[in-house]
Amino acid sequence: PMMERMGFVGRRSVVAINGVTSQGSLAFGAGGVPRFMRPCSLLRLPCAQQLYTPGSQCVPGVRSYFVCRRTTAATRHTAHNTTVTFGNPSRTYSAPGSGDRPDLKQESVQQKQLKRPLQLASIFANTTQHKDQASDDALPGHDLMLRAGLLRQSTSGVFSLLPLGLRAVEKITRIIDSEMQSIGGQKVQLPLLLPANLWRQSGRWDAMGSEMFRLKDRKGIDYCLAPTHEETITQLVGDARMSYRQLPLLLYQIGVKYRDEARPRQGLLRGREFMMKDMYSFDLTPQDALVTYETVLQAYARVFARLELPARAANAHSGLIGGDHTHEFHLLAPSGSDFILFCSHCGYASNAEAARSYPPFVPAAESLQRLNSVLNLDHKSETRVTSLVESIAQLGDYAVFGVRQPQGEQSALTHVLVLPRGQVPNPTQVATVLRIIPPAEPEIISTDDLKSEQFSNTPLSDIAVMLDSSLQQQRQQQQHSNNNSNAIYVNVRQSSEGDKCSSGSCNGHGTLQNQRGIELGHIFYLGTKYSKLLNAKVQHRDGSFGLLEMGCYGLGVTRILAASVEHFRDKHGMVWPTHLAPYKVIVASLDNKDKAMQEAAVALWHSIDNLGDYTGDVLIDDRTDVSPGLKMNEARFLGLPYVVLLGRAYKTAGASPPQVELQLRRTGQV
């Protein structure tokens with residue numbers, strides 16, 4: 001309205017300026033556009049897609065926006081008597097001159113007073129009576145999000161975010177943006193449709209297996225829907241042929257990723273489509289890259305602190321991403337799907353897949369000598385696997401397992417594992433040792449199955465024997481003295497609760513404890529894995545070119561949303577932290593028949609909304625067809641941080657100022 005009165009905005013097509021033409025066209029006099037109306041910036045909206053020059057035509061029904069940043073005294077004088085006629089000939093507007101300028105401060109106050117309160121009942125799909133029920137394996141928090149109208153399921157593993165859910169996600173992304181940019185991160189947007197050639201070049205096109213969504217275009221060229229962007233970002237930066245002066249470089253994006261989960265579950269935590277923040281760092285040397293790694297790790301800690309989520313960093317397995325140094329961030333929760341082992345003595349924490357520890361039982365030195373005698377065989381070619389397994393089992397201090405490696409449709413026995421009694425192999429560690437690329441997995445064969453007739457004719461000469469590294473530690477790090485060149489020491493044992501902590505600062509003084517966790521983020525030091533495969537180089541100080549040192553850093557945005565609702569809830573519903581809540585305040589009048597109280601609730605809404613920290617973050621429940629009890633219950637269920645009620649205290653205040661009730665949802669304090 002202000003821009004209309006000033007002559008800068010025209011609703012509908014302009015008929016004439018200082019002249020008359022046919023309706024639906026735009027024309028200017030011989031002098032062209034009056035100087036005060038020459039467009040310094042033209043808002044190019046769907047309804048205003050045409051750039052205007054003197055004599056250009058305007059499509060009927062199109063809004064024309066002209067914005068003038070500054071005017072001189074001469075242009076003000078020129079504009080004083082300019083009359084603009086719009087599509088409706090009965091309406092004319094006179095552009096204000098120097099003595100007819102509106103009071104911008106007064107205009108701002110008027111606009112605030114006319115601002116329409118955001119009503120709870122008007123929010124799309126917000127209802128506590130939603131009939132859809134979460135699946136049996138979904139978390140309780142996911143059911144709350146369905147009932148509160150934060151999201152709806154579109155198909156298996158795919159969800160639509162509704163207004164309340166999207167507002168929470170936008171607040172998460174603002175916090176992430178703030179922290180990533182504080183350490184020098186630059187935001188980009190990478191494509192979701194990725195060509196297969198880069199993935200074939202890195203070797204991950206086949207390695208990803210069935211978890212990757214694949215498609216062909218009309219020319220038969222292979223593409224995939226992005227599960228991650230290491231190849232794309234490496235090519236992008238490599239093509240730039242950067243100088244060492246431009247490093248370190250941190251590029252990040254927040255967007256959608258895809259993974260064809262065989263069994264989507266737990267709502268947003270294990271879906272086929274999900275939102276992530278992924279950052280990629282590029283450095284000159286490994287030392288610089290590790291400094292950047294630590295910088296991002298600390299930034300992640302600040303993100304979770306601002307979200308009020310007690311996430312814990314833990315050592316992790318790199319999986320398909322790769323890298324030698326990696327951490328996960330977990331929110332400890334009984335409903336989590338990951339197992340985290342941590343030491344209360346030194347603070348060590350690790351995903352159970354990557355944890356290392358001392359087992360509670362290790363055979364004595366005499367038993368190890370007997371095992372040495374069993375393995376030191378003079379005629380291995382004549383010894384069968386079943387005989388070896390029976391001989392080791394008779395010692396009583398060891399557990400024996402077999403390993404089959406996937407080889408097309410056939411799987412052959414390739415290794416025998418020897419561990420301390422009571423221990424089991426860690427399939428992830430076994431796959432790492434044998435260089436089995438996920439999602440392929442080794443098959444672990446039990447002792448009883450190894451004794452079966454199936455392996456009675458398998459010669460030991462075809463089998464490699466692997467001893468768990470804990471047996472080597474008991475021998476004070478001395479190598480086996482037998483002649484069996486196939487016997488090697490590797491870390492293949494599954495760590496578990498009750499093991500002794502093996503971290504350098506603890507060295508067996510602490511005991512590992514087990515808790516479930518929800519993974520929220522994962523960071524990797526990649527080294528030159530991708531830069532070598534894709535030939536991404538940087539110019540060094542001496543003019544030579546070397547491979548870029550890389551890192552990648554992921555945060556699950558929709559995972560954070562789901563985990564937050566799971567963590568911040570009670571028996572009444574959700575309990576949002578202030579910085580994450582879709583709205584911070586809800587105002588409700590509890591007397592549906594008192595019109596004055598309804599008007600007072602609206603006035604109170606305006607007062608709170610005008611406060612800087614709460615502008616745009618205030619809801620009002622002005623429904624007159626529901627009981628006061630239902631209003632209070634639904635406000636408590638939504639879990640917004642502050643609930644302001646106009647009830648009995650407001651009506652019975654008498655001569656004293658009216659009283660309202662302020663409830664703090666998180667503490668229950670009134």
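Buried means that a residue has under 20% relative accessible area. Keep that in mind as we explore this predicted model.

Q: Which residues of helix α17 are buried?
A: Helix α17 covers residues 595–609. With the cut-off of under 20% relative accessible area in hand, we can pick out its buried residues. They are Met597, Gln598, Ala600, Ala601, Trp605, His606, Ile608 and Asp609.

Q: How far does helix α17 reach from its first C-alpha to its last?
A: Helix α17 has 15 residues, and the expected span is worked out at 1.5 Å a residue. The reach in the model is close to that expected value, and both are given as 21 Å.

Q: Which residue has a side-chain oxygen that reaches the backbone nitrogen of Ala596?
A: Let's look at the start of α17. There, the backbone nitrogen of Ala596 has a side-chain oxygen within 3.0 Å. That oxygen belongs to Asp594.

Q: Which residues have the most contacts inside the largest nonpolar core?
A: In soluble globular proteins, nonpolar side chains tend to be buried together. The largest nonpolar core here has 67 residues. Helix α9 (residues 286–306) gives the most to this core, with eight residues. The residues with the most contacts inside the core are Tyr300 and Trp576.

Q: How many residues are in the second, separate core?
A: Among the members of this second core are Leu371, Leu375, Leu388 and Tyr489. The core is separate, and its residue count is 23.

Q: Why is strand β34 largely enclosed by the rest of the structure?
A: Strand β34 runs over residues 642–646, which makes five residues to check. It is largely enclosed because of how many of these are buried: four of the five.

Q: In which sense does β34 pair with β32, parallel or antiparallel?
A: Strand β32 covers residues 585–589, and five bridges link it to β34. One of the bridge pairs is Val587 with Val644. On its pairing with strand β35 (residues 661–664), β34 has four bridges in the antiparallel sense, and there Tyr642 is partnered by Leu664. With β32, however, the sense is parallel.

Q: Which strands are at the edges of the open sheet of three strands?
A: The order of this sheet is β9-β11-β10, with antiparallel pairing. Three bridges join β9 to β11, including the one between Leu194 and Cys224. An edge strand pairs on one side only, and that picks out β9 (193–195) and β10 (214–216).

Methods. Residues are numbered from 1 along each chain as its sequence is written. This is a predicted model: local features need pLDDT of at least 70, side-chain atom pairs count only at pLDDT 80 or more; totals for chains, interfaces and linings use all residues. Side-chain values use heavy atoms; hydrogens and water are left out. Helices (H or I, at least four residues) and strands (E, at least two) are DSSP runs, numbered from the N terminus. The expected span of a helix is 1.5 Å times one less than its number of residues. Buried means under 20% relative accessible area, exposed over 50%, partly exposed in between (1.4 Å probe, protein chains only). A polar contact is a pair of N or O atoms within 3.5 Å; within protein, one must be able to donate a hydrogen and the other to accept it, and residues adjacent in sequence count only if both atoms are side-chain atoms. A nonpolar core is a set of buried Ala, Val, Leu, Ile, Met, Phe, Trp, Tyr and Cys residues joined through side-chain atoms within 4.5 Å. Two strands pair if DSSP finds at least two bridges between them.
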